[in-house]
Amino acid sequence: MFDLATTKVHNEARQGEAFAPFDLDPNQFKRRFYIESYGCQMNFSDSEIVASILNEEGFGATRNVEEADLIFLNTCSIREKAEQTVRKRLTEFKKLKKRRPGTLVGVLGCMAERLKAKLLEEEKLVDLVIGPDAYRTLPQLISEADGGQKAVNVLLSRDETYADISPVRLNSNGITAFVSIMRGCNNMCSFCVVPFTRGRERSRDAESIIRECKDLYEAGYKEVTLLGQNVDSYYYVPEADEAPVTFAKLLEKVALIAPDLRVRFSTSHPKDITDEVLFTMSKYENICKYIHLPLQSGSTRVLQLMNRSYTREWYMAKVDRIKELLPECGISSDVITGFCTETEDDHKETISMLQYAQYDMSYMFFYSERPGTLAHRRYTDDIPEGIKKRRLQEIVDVQSKLSHQSNLRDIGKTFKVLIEGDSKKSKTAWMGRTSQNKVIVFEKMHYDLKPGEYVLVYVNGCTQATLLGELVK
Ligand code: SAH
Ligand code: SF4
Ligand code: F3S
């Protein structure tokens with residue numbers, strides 16, 4: 001219950017969602033699959049690749065698990081709670097499988113990679129286990145499983161980026177889309193399981209990224225988010241004699257597709273975000289002024305144990321530089337409380353850092369030890385859960401105030417907003433986002449507007465999580 005402090009979706013706190021594209025005729029397919037995704041955006045994006053591979057094989061997506069021949073869970077291992085959620089869901093599927101014996105259940109994603117064949121022993125009714133780099137082999141594995149074998153492929157790859165696969169946009173609003181630009185992570189933060197579940201970092205062919213973004217724009221999308229665990233270390237060399245494409249160059253290429261295509265990116269590692277990226281952001285109006293810059297801890301000593309390779313002072317200088325070059329930029333963060341050996345003084349340093357950076361919002365977690373990580377091997381998980389949670393609550397309280405203050409500062413300003421759809425609470429209001437990634441809700445009035453249009457909205461109120469406004473003519 002303490003795991004997430006904001007209303008925004010992220011990581012495993014984002015509930016599993018069943019996906020099916022709206023525009024496919026279900027009767028054209030020989031079998032139906034149902035896919036539920038957990039974890040970070042990368043996983044949701046991977047589910048769209050999986051859907052594309054399955055479509056090619058004549059499988060159609062369904063939102064109704066009861067009518068599925070194949071059930072997939074795309075899983076997350078980032079914290080223990082994320083894995084527990086998936087195990088619970090698997091137990092529910094077991095009952096369904098008993099009623100419908102031909103149904104296959106497959107585990108995809110990070111838990112598949114972490115637990116490998118062990119998952120088959122632990123979860124007896126799982127038929128397929130497929131790691132994040134092995135989705136191309138899904139059709140083969142499905143036929144093996146059809147033949148009664150347990151099918152496993154958890155090989156990690158050094159070069160798989162699924163560059164040539166056009167994702168089937170699942171559950172899409174038709175306005176905003178995620179485009180994966182790299183896979184894996186080489187950073188080895190000591191608390192983190194991702195380098196083990198996702199393998200070595202590799203960058204996707206720049207041309208294929210541009211093509212995918214152009215296709216989205218032509219299909220009416222107005223915003224792309226470039227995705228990777230560490231986008232700032234994107235580096236692609238097209239041919240031996242051609243100039244390498246850095247992340248700043250890639251951002252520029254995507255920004256140049258069309259002035260009314262918004263560009264976002266996630267996630268930046270503070271150590272890798274360069275001035276070149278910040279200059280590129282300031283040069284193009286359509287690159288959104290928002291940076292997710294995970295802090296993790298405000299104490300240099302803890303940061304060292306976490307293997308984050310920056311100090312408190314270095315991080316502060318980075319925040320200063322962002323605010324200097326991009327005065328309007330929104331900044332958000334990830335914070336972990338109760339990492340190994342964390343003292344009350346370390347914790348206070350994290351709190352003071354939140355106040356220094358004035359984050360618009362943060363995703364906050366208490367430390368969850370993950371088997372096999374550097375921290376698990378080197379340090380003792382020595383902070384009692386009660387203390388971890390108490391510190392988390394303190395951080396949450398501080399961030400809540402900061403988020404509210406940040407919203408209050410926007411009252412009286414006018415923002416360019418991309419309309420995404422109806423407000424959740426009222427059909428007579430629109431919901432959209434500012435460049436800074438803040439959600440804003442405003443009455444539709446008598447104007448004839450549609451999702452995907454840009455409007456100017458004057459902010460006249462707010463809650464802690466949302467701006468409230470009115471259309472400017
Ligand atoms: N690549 C991204 C983060 C991926 S995981 C980055 O480097 O920013 C998202 C967040 O989950 C991390 O930033 C961290 O705050 C949190 N996290 C990762 N491992 C964790 C663990 N073992 N316990 C608690 N939180 C963790
Ligand atoms: Fe994990 Fe660190 Fe890589 Fe992010 S940068 S995925 S926290 S190892
Ligand atoms: Fe989870 Fe894997 Fe993403 S562990 S956060 S789904 S990379």
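The model is predicted. Ligand 3 lies between domain 1 (8–153) and domain 2 (176–409), because both domains give residues to its shell. The structure holds 44 salt bridges, and five residues, D46, D133, R183, R198 and R202, are linked in a network of such bridges.

**Ligand surroundings**

- Eleven residues surround ligand 3. The closest of these are C40, C76, S77, C110 and Q229.
- Sorted by class, the shell of ligand 3 consists of five nonpolar, five polar and one charged residues.
- Around ligand 2 are the residues C185, N187, M188, C189, F191, C192, V194, P195, Q229, H269 and R308.
- The shell of ligand 2 divides into seven nonpolar, three polar and one charged residues.

- Side chains of opposite charge can pair when their charged atoms come close.
- R87 and E122 form a salt bridge through their side chains, with an N to O distance of 2.9 Å. R87 belongs to helix α2 (residues 80–99) and E122 to helix α4 (residues 118–122), so this pair ties together parts that are 35 residues apart in sequence.
- R87 is partly exposed, its relative accessible area being 23%. E122 is partly exposed as well, at 34% relative accessibility.
- R89 and E92 also meet in a side-chain salt bridge, at 2.4 Å from N to O. These two residues are three residues apart in helix α2, which means that about one helical turn separates them.
- An α-helix has 3.6 residues a turn, so residues three or four places apart point the same way.
- E92 has a relative accessible area of 35% and is therefore partly exposed.
- The side chains of K450 and E453 are joined by a salt bridge of 3.3 Å, N to O. K450 counts as exposed because its relative accessibility is 53%, and the cut-off for exposed is over 50%. E453 is partly exposed, with a relative accessible area of 25%.

**Helix α9**

- Helix α9 spans residues 275–283, and V277, L278, T280 and M281 are buried in it.
- These four residues lie on the same side of α9, because they cover an arc of only 160 degrees around the axis.
- The packing partners of the buried α9 residues are α8 (247–255), β14 (262–266), β15 (290–292) and α11 (312–325).

**T161**

- T161 sits in the loop between β7 (151–153) and β8 (176–180).
- T161 counts as buried because its relative accessibility is 12%, and buried means under 20%.
- Leaving aside residues up to four places away in sequence, T161 touches R183, R202, S203 and R204. R183 and R202 are also members of the salt-bridge network, which includes D46, D133 and R198.

**D345**

- D345 is part of helix α12 (residues 344–357).
- With a relative accessibility of 54%, D345 counts as exposed.
- The C-alpha atoms of D345 and S299 are 8.4 Å apart in space, while the two residues are 46 residues apart in sequence.

Terms used. Residues numbered from 1 in each chain as written. Chains lettered and ligands numbered in written order. Predicted model: local features only at pLDDT ≥ 70, side-chain atom pairs only at ≥ 80, totals over all residues. Heavy atoms only, no water. Near = heavy atom within 4 Å. Nonpolar A, V, L, I, M, F, W, Y, C, P; charged D, E, K, R; others polar. Domains from an automatic or database assignment. Buried < 20%, exposed > 50% of the residue type's maximum accessible area, 1.4 Å probe, protein only. Arc of directions from axis to C-beta. Contact = heavy atoms within 4.5 Å. Salt bridge = Lys/Arg side-chain N within 4 Å of Asp/Glu carboxyl O.
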